[in-house]
Every structure is written in structure tokens, then in C-alpha cells.
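Here is a short briefing to read alongside the model. Take a moment with the viewer first, then follow the points below.

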Amino acid sequence: MNSSRRDARGLDLSVRIANEVAAAKGVDPMDLDPLSAVVDLESLDTLVANSAASLRLEWCMDDLTIEVVPDGEVRVSQTPADADVVVDG
């Protein structure tokens, strides 16, 4: 994938995340609270664009789990109510 991690439509990763979160919530992306309050989107774009290795990121926000897999696909799913928070470090 190219260094900007844009998809076939030319959308940046952060825009795709916003679109997928909005779709999961059933709202327009413009009606979302700013995602930047939860994650630094510019840093996320930079991290993914400059990663030489297969990178998988996952975080929870509200009742959703957001996942970016190595091919750049964005997945958003409901977080189970009994899910444990695990931080790998």
C-alpha cells in the first residue's frame, strides 16, 4: 500500500475510521463527536504509513471496538459488555 495508506477511493485512514464508526452508530460522519478526543488521528495516519512491519491496532471507544489490520482495512464492531481491557506493552 502507498505511504499515505489511502484506500482505492483515495480516503485517508482517519477518514475511513470516521466513516466506519459513523456507519456502526447509524449516523452521518459529520454528526460524530470528534474522534480526535479519543485517538490522535494524525499520529495514527503517520504510524500506519511509516510502519515497515505488519501492524494491527485495536482500541475501544464508546461501545465499539475499532481495529486496523495489516492490509489497512478498518473494522468496527460492538464491544461485548463483559470484555476485558488488555494493554500489550
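How many residues lie between S2 and S3 in their hairpin, and which residue in the turn has a positive phi? There are five residues between the two strands, and Gly-72 is the one, with a phi of about 90°.

This is a predicted model, in which local features need pLDDT of at least 70 and side-chain atom pairs count only at pLDDT 80 or more, while totals for chains, interfaces and linings use all residues. Residues are numbered from 1 along each chain as its sequence is written, and side-chain values use heavy atoms, with hydrogens and water left out.

**Overall layout**
- The chain has two helices and three strands, where helices (H or I, at least four residues) and strands (E, at least two) are DSSP runs numbered from the N terminus.
- Along the sequence, these elements follow the pattern α-α-β-β-β.
- Of the 89 residues, 30% count as buried (under 20% relative accessible area, with a 1.4 Å probe and protein chains only).
- The chain exposes about 6000 Å², and carbon and sulfur atoms supply 49% of that area (Shrake-Rupley method, 1.4 Å probe).
- Among contacts (heavy atoms within 4.5 Å) with a separation of 6 or more, 36% join residues 24 or more positions apart.

**Helix H1**
- H1 covers residues 13-25 and reaches 18 Å from its first C-alpha to its last, close to the 18 Å expected (1.5 Å times one less than its number of residues).
- Its buried residues are Leu-13, Ser-14, Arg-16, Ile-17, Ala-18, Val-21 and Ala-22.
- Those buried residues pack against helix H2 (41-49) and against strands S1 (57-61), S2 (64-68) and S3 (74-78).
- Ser-14 counts as buried because its relative accessibility is 14%.
- Leaving aside residues up to four places away in sequence, Ser-14 touches Leu-41 and Asp-45.
- Gly-26 follows H1 and has a positive phi, near 75°.

**Strands S2 and S3**
- S2 and S3 pair in the antiparallel sense over five bridges (pairing needs at least two bridges found by DSSP).
- Thr-65 stands opposite Ser-77 in S3.

**Confidence**
- The mean pLDDT (the predictor's confidence in each residue, from 0 to 100) of the chain is 79, and 78% of the residues reach 70 or more.
- Where pLDDT is low, the predicted coordinates should not be read in detail.

Technical notes: Buried < 20%, exposed > 50% of the residue type's maximum accessible area, 1.4 Å probe, protein only.
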